[in-house]
Structures are given as structure tokens and as C-alpha cells.
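Hi,

Here is the structure for you to look over.

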Amino acid sequence: MPLTSAAADALGAVTICLVAILILFGLVCIAYSFYFRSRVRSQGFSQLSYFSGPWIIRITIILFVIWWGVGEILRLSLLRHKGRVLDVLDYKWQETVCKCYIVSNLGFAEPCLLLTIIFLLRAPLQKMGTGALCRGWNGKTALCVLLYCLPMFVLQLAIILIGPQLRSRLKRLPHYFTTTATHGMQNATSDIALCTYPLLNTILLGVFASALTVYLFWLGRRILKLVINKGLQKRVYTLIFSVSSFLPLRVLLLGLSVLSKPEHFLFEALAFSAFLALSCCAGVCICMLVYYPVADSLALGDLRDLEARRHAAEETISLVANQSHLEESGVSPGRNSDASTKRGSISFRTYQRDGTSSGPFVELSLFSPSPDATPPESPPPLGWPMRPLVDLKTGQGTDFSQ
């Protein structure tokens with residue numbers, strides 16, 4: 001059933017809005033990644049350098065998503081009507097735009113996006129000398145992604161270029177196997193070229209996606225054996241499920257789109273659903289591989305700062321308290337130089353009711369756990385006298401001091 005122009009334009013407007021949201025979210029994550037890297041380098045968080053190591057590859061994922069989103073906008077019939085952006089082009093040039101869209105998205109952006117996700121997931125399984133901490137890992141990974149994507153790009157381009165000759169030689173080959181654009185059904189004589197999805201290109205993308213999905217399952221199984229945190233396990237499950245379900249779903253929907261023609265309800269619904277599937281997959285990948293790792297690392301750095309400040313404050317309070325007690329007791333600092341090196345301790349002795357001590361002297365060191373910190377001949381460390389806790393039955397009590 002043919003759609004009205006308003007209905008097709010509405011789906012196109014929704015597509016543009018979703019792409020804009022996805023691009024905006026990606027740009028925010030890029031800025032977040034730059035902020036995290038600058039903070040790691042400026043404040044010397046060497047423990048977090050592993051998480052900032054693959055920052056270029058994380059940004060590359062977002063760039064591939066932006067590339068793909070721009071291509072999805074250019075294929076819309078919304079931009080081809082009279083008075084719109086692509087209306088200045090004739091039918092031949094609009095058909096060329098559709099061919100470039102097929103090669104760009106199905107032959108480059110989508111395969112590169114999937115390959116980058118796999119390389120980023122594979123980084124924790126590599127050795128320290130070859131993993132994300134290795135100098136030049138980002139450049140080598142980006143080069144590998146482009147090299148592995150090159151055969152796919154060449155095959156997609158070859159199908160587009162030899163499609164007309166292939167259709168002329170194979171008379172029984174249906175036109176939808178190689179057709180990249182067609183006239184609108186409401187006006188077959190117009191100069192508007194509506195983009196379609198050639199079945200041969202879709203099958204090639206499906207083979208590529210199926211092979212990488214199988215490898216992704218094997219890779220995810222290895223990763224889950226190393227992850228002991230339940231939160232991280234949920235993220236890995238979510239990532240694997242989204243990629244292994246949304247990507248094959250997109251290929252299936254694109255393959256079914258040949259059953260209808262542009263400006264028909266079935267074709268527009270299938271094309272929009274395929275776009276929505278990969279949009280959800282891209283959004284999940286950006287969240288799991290870019291946003292959450294950076295957010296967790298920044299939270300870990302904040303906790304590290306808070307713990308260091310708390311430890312320094314406790315140490316300062318302990319030193320001030322010891323010094324004030326020494327002044328009150330009239331004891332010279334030289335006599336207790338060995339006690340001052342211990343930086344703080346807690347000790348207690350048991351006392352009888354008459355005040356005489358009985359039992360051994362025990363000291364619990366807070367900052368110097370070494371057993372040799374207090375020589376046997378040194379006097380017992382001074383502390384704050386506390387009110388003895390007297391047992392009513394035995395008449396004995398415990399007096400705590402620091």
C-alpha cells in the first residue's frame with residue numbers, strides 16, 4: 001500500500017531526530033573521554049592509565065556511528081522532494097548518492113563499527129606488552145580495523161559497479177539483486193531517485209556479520225571467565241546480546257525490504273526498523289564501551305582522592321594529639337623520639353582495683369605494623385588516660401591509653 005508523502009516524511013523526520021540524538025550523545029562522550037584523559041595525565045593517576053589507554057579507539061567507535069548516521073540521513077526521500085536539499089541534483093546524481101550510501105554504510109561504516117567493538121573487547125585478553133597499555137596500540141588497532149574492512153569495502157564496491165553488466169548478462173536475475181535506486185511509485189516519471197537495498201550487498205553484509213557474531217560469542221565467553229564483578233558481567237551480557245541480536249536483525253530486515261518498493265508501507269517500515277535496530281546497537285555500544293568505563297574510572301579516582309585526604313587527616317590528628325599529650329605530661333620530645341617515629345599507636349594494660357597493674361603490656365600499632373618497631377628495653381608509650389572499666393564481680397578493670 002503506497003504511503004502518503006506526509007507519512008513518509010514523518011518517518012524521515014523521526015530518523016533525523018534519532019540520528020541527531022545519537023550524534024549529540026557521541027559528542028558528549030568524546031568530550032568526557034578527553035576530560036578523563038587530561039585528568040589522568042595532570043593528576044598522575046597511574047593506576048587508571050589502563051582505562052585511558054584505548055581512548056582513541058573509543059572515540060573511533062563514535063566517529064563510525066556519526067558517519068553511519070549521516071549516511072542514513074542522506075538516503076531519506078525527505079531530502080529529495082521539490083525544494084529540498086537534494087532536489088538540485090538530477091536522477092543520475094541522486095542514484096549516485098544512493099550507490100555511495102550503500103558502499104559507505106554497508107561496506108565501510110557498519111563493518112568498521114563491528115570490528116572496532118571486537119578489537120576493544122579483545123584488548124583485556126591480550127598480554128601487557130601488546131594490550132591497551134602498549135605504546136602505539138591505538139594506531140595499530142585502527143590500522144587493523146581498516147585492513148580487515150578493506151575486503152568488505154572492495155566487494156561491496158565491485159557489486160555496485162558491475163551490477164548493471166551482471167543484470168544484462170543474467171537475464172533471469174531479478175532486478176532487486178543489484179538495483180540501488182528506483183523512481184517513486186507515485187510519480188514514475190519524476191527525477192526523484194529513491195534509495196533501495198540491493199540483495200547481493202545485503203547478503204554480503206550478512207555473511208560478514210554472521211562470522212563476526214560467532215567470533216564475538218567466543219570472545220565474550222572468554223571475557224566472562226575473567227570477570228568476577230556482577231555489574232561488569234551484566235554489561236558484557238548486554239553488549240554481546242545487543243550486537244548479536246540487533247545486527248542480524250538489521251540484515252534480515254534489509255533483506256526483506258526487497259519484497260516491497262520505496263514509498264510503500266512495508267518497505268518504509270522495514271527500512272525504518274532496520275535503522276532503529278542498528279541505532280539501538282550503536283547506543284548500547286557507546287554506553288558500555290565509552291561512557292561507563294570513563295565514568296567508573298573517574299569515580300575510582302575520586303574515591304582515591306577521598307581516601308588519601310581522609311588518611312592524611314587522621315594522621316595529622318594523631319600526631320597533634322600525641323604532641324599535646326607530651327606537652328601536658330612534661331616529657332621532653334627527645335625521650336620519646338622512638339615513640340614519635342611510630343606515628344601513632346593504641347595500647348592498654350589491665351589494672352587491679354587498687355591501681356596496680358597486672359598482666360602483660362599490649363600495643364596495637366596503627367601506622368607501623370612491624371613487630372620490631374618498639375624495642376623491648378624502651379619505656380611503654382604514653383597515651384590518653386581513660387576511665388577504667390571495672391568488672392563488678394572480679395574487681396578488675398582495663399585502662400586504655402595512647
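This is a predicted model: local features need pLDDT of at least 70, side-chain atom pairs count only at pLDDT 80 or more; totals for chains, interfaces and linings use all residues.

Leu-256 is found in helix α7. Its relative accessibility is 36%, so Leu-256 counts as partly exposed.

There is also a patch of positive charge on the surface. Arg-122, Arg-221, Arg-222 and Lys-225 gather there. Helix α6, residues 199-226, supplies the largest share, three residues. Arg-122 has its place in helix α4, which covers residues 91-122. Arg-122 counts as partly exposed because its relative accessibility is 31%.

Now the cysteines. How many disulfides does a search of the whole structure find? The search finds one. Cys-98 and Cys-195 form the disulfide, with their sulfur atoms 2.0 Å apart. The pair links distant parts of the chain. Cys-98 is in helix α4, and Cys-195 is in strand β2, residues 193-195. The two cysteines are 97 residues apart. A disulfide is a covalent bond between the sulfur atoms of two cysteines.

The torsion about the S-S bond of Cys-98 and Cys-195 is about -85°, so this disulfide is left-handed.

The cut-off for buried is under 20% relative accessible area.

Two further cysteines deserve a line each.

- Cys-100: the closest cysteine sulfur is in Cys-98, 9.3 Å from the sulfur of Cys-100, which is too far for a bond. A disulfide needs the two sulfur atoms within 2.5 Å. Cys-100 counts as partly exposed, at 49% relative accessibility.
- Cys-287: the closest cysteine sulfur is in Cys-29, and at 6.6 Å it is too far for a bond. At 22% relative accessibility, Cys-287 counts as partly exposed.

Best wishes

Methods: Residues are numbered from 1 along each chain as its sequence is written. Side-chain values use heavy atoms; hydrogens and water are left out. Helices (H or I, at least four residues) and strands (E, at least two) are DSSP runs, numbered from the N terminus. Buried means under 20% relative accessible area, exposed over 50%, partly exposed in between (1.4 Å probe, protein chains only). Patches are made of residues with over 30% relative accessible area and no salt bridge: like charges are joined within 9 Å, nonpolar side chains (Val, Leu, Ile, Met, Phe, Trp, Tyr) within 5 Å. Accessible areas come from the Shrake-Rupley method with a 1.4 Å probe; for residues, only the protein chains shown count as cover. A salt bridge is a side-chain nitrogen of Lys or Arg within 4 Å of a carboxyl oxygen of Asp or Glu. Lys and Arg count as positive and Asp and Glu as negative; His and the chain ends are not counted. The place of a charge is taken as NZ of Lys, CZ of Arg, CG of Asp or CD of Glu.
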